Amino acid sequence: MQLPQELVEISCPICGCDRSVHLFWTKDYVFRVSNQQFGVRKCGNCGAGYLSPRPTAQAMGSYYPEAFYWSWEGAEGTLDWSAIVDKRHAQLIAKAEWLSDLAPGRLLDIGAQKGEFLWFMRQSGWEVQGVEMDSKVPNPGQLPILYGDFLEMDFAGQRFDAVTFWAVLEHVYEPAQFIEKASQLLEPGGRLVVLVTNLDSIQSRYYQADDYPRHLTVFTRSAVKRLCVAHGLAVDCMTTDQRIFGGSLNGGILYLVKRLFGYGRDEAMAEWKQMDDPDLFWCKWRGKNSSLTKIVSRIDRLVTYPLEKLLDQLGFGFILTFSATKLTRKD
């Protein structure tokens with residue numbers, strides 16, 4: 001297959017291995033920036049998933065429209081700061097729980113976006129610093145956020161008691177280098193907390209639930225452990241659940257019904273992933289209201305909900321969160 005000029009093939013971004021298995025082709029169904037096809041592969045060494053062919057690093061910025069940064073708030077910029085943090089209150093509490101057993105110290109949040117987590121942790125006594133790679137992201141709370149390439153930043157000998165990545169590593173070109181630098185910035189005994197998506201889930205492997213092509217790497221528990229060990233970190237806890245970000249199993253049955261009764265693959269996927277009309281996939285048939293589609297949607301949820309909870313408990317849910325400790329020299 002001849003690649004468009006702006007797409008490139010790569011080796012595994014976790015371990016560098018060239019051996020891989022092609023899983024499927026996908027598109028940008030969420031924001032529809034382009035109609036190009038991207039490949040998803042699984043590394044034959046560490047088991048991580050990754051996008052290849054993918055956009056070049058220079059082209060990735062074009063796949064992040066302004067709406068990406070306001071996806072929870074609706075129309076761009078219409079909510080004030082208090083409304084933004086109020087809307088994310090439950091999520092912020094769930095994030096903070098990963099650091100709740102630590103005394104307040106120095107926190108570095110990488111991929112800080114608008115700074116909601118920084119604001120929340122500062123209220124709890126933490127000294128906070130954020131990093132955001134995209135300077136287009138607004139900072140309505142006027143939080144201490146540095147903008148630019150994290151890998152190029154000089155922190156002038158600063159060390160942190162906690163470093164967090166909330167749904168960030170799947171977006172970056174060099175996830176292994178990000179973990180390496182985060183480990184260097186941690187105090188011995190400091191904590192790293194990371195939330196990513198899980199290739200070993202039905203949602204990732206069969207629903208294409210990752211936000212392609214913005215998700216460049218899809219992790220597994222084995223890949224996470226390998227990455228941490230390589231950079232002087234010991235994994236303490238690893239869970240799959242939906243307390244911070246959703247990863248519902250709902251939708252698969254309705255997708256199959258639509259495919260069986262005339263929808264093409266791209267047509268069904270495009271309805272499912274788009275965000276402009278929430279009812280388009282769940283309540284309509286080719287754009288028209290459908291009582292039958294609504295019934296199938298309800299059945300879908302009733303059938304998949306208990307399985308979804310079971311898979312989360314077994315470690316096969318879509319959202320994978322882990323914490324790791326920076327080892328001391330003696331360790």
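Student: How many salt bridges does the structure hold?
Tutor: Keep in mind that we're looking at a predicted model here. A pair counts when a side-chain nitrogen of Lys or Arg lies within 4 Å of a carboxyl oxygen of Asp or Glu. On that basis, the number of salt bridges in the structure is 17.

Student: Let's take one of them. Which residue forms a salt bridge with Glu116, and is that partner buried or exposed?
Tutor: Glu116 itself has a relative accessible area of 5%, and buried means under 20%, so Glu116 is buried. Its closest N and O atoms to the partner are 3.7 Å apart.

Student: Where in the chain does the salt-bridge partner of Glu267 sit?
Tutor: Glu267 meets Arg286 in a salt bridge, 2.7 Å from N to O. The pair links distant parts of the chain, 19 residues apart, with Glu267 in helix H8 (residues 265–273). Glu267 is partly exposed at 32% relative accessible area, and Arg286 is partly exposed too, at 42%. As for Arg286, look in the loop between strand E13 (284–285) and strand E14 (288–289).

Student: Moving on to the open sheet, which strands stand at the edges?
Tutor: The sheet has 4 strands with antiparallel pairing, in the order E2-E3-E4-E11. An edge strand has a single partner strand, so one side is left without a neighbour in the sheet. That gives strand E2 (20–26) and strand E11 (217–218).

Student: What is the bridge partner of Arg41 in E4?
Tutor: Strand E3 (residues 38–43) pairs with strand E4 (residues 49–51) in the antiparallel sense, over 3 bridges. Within E4, the residue bridged to Arg41 is Tyr50.

Student: How much accessible area does the nonpolar surface patch with Ile299 have together?
Tutor: Ile299 is found in helix H10 (residues 291–314). Leu292, Ile295, Ile299, Leu302 and Val303 form the patch, and their accessible area together is about 510 Å².

Methods. Residues numbered from 1 in each chain as written. Predicted model: local features only at pLDDT ≥ 70, side-chain atom pairs only at ≥ 80, totals over all residues. Heavy atoms only, no water. Patch = residues over 30% accessible without salt bridge, like charges linked within 9 Å, V, L, I, M, F, W, Y side chains within 5 Å. Areas by Shrake-Rupley, 256 points an atom, 1.4 Å probe, with all protein chains shown as cover. Helix = DSSP H or I, 4+ residues; strand = E, 2+ residues; numbered from the N terminus. Buried < 20%, exposed > 50% of the residue type's maximum accessible area, 1.4 Å probe, protein only. Pairing = 2+ DSSP bridges.
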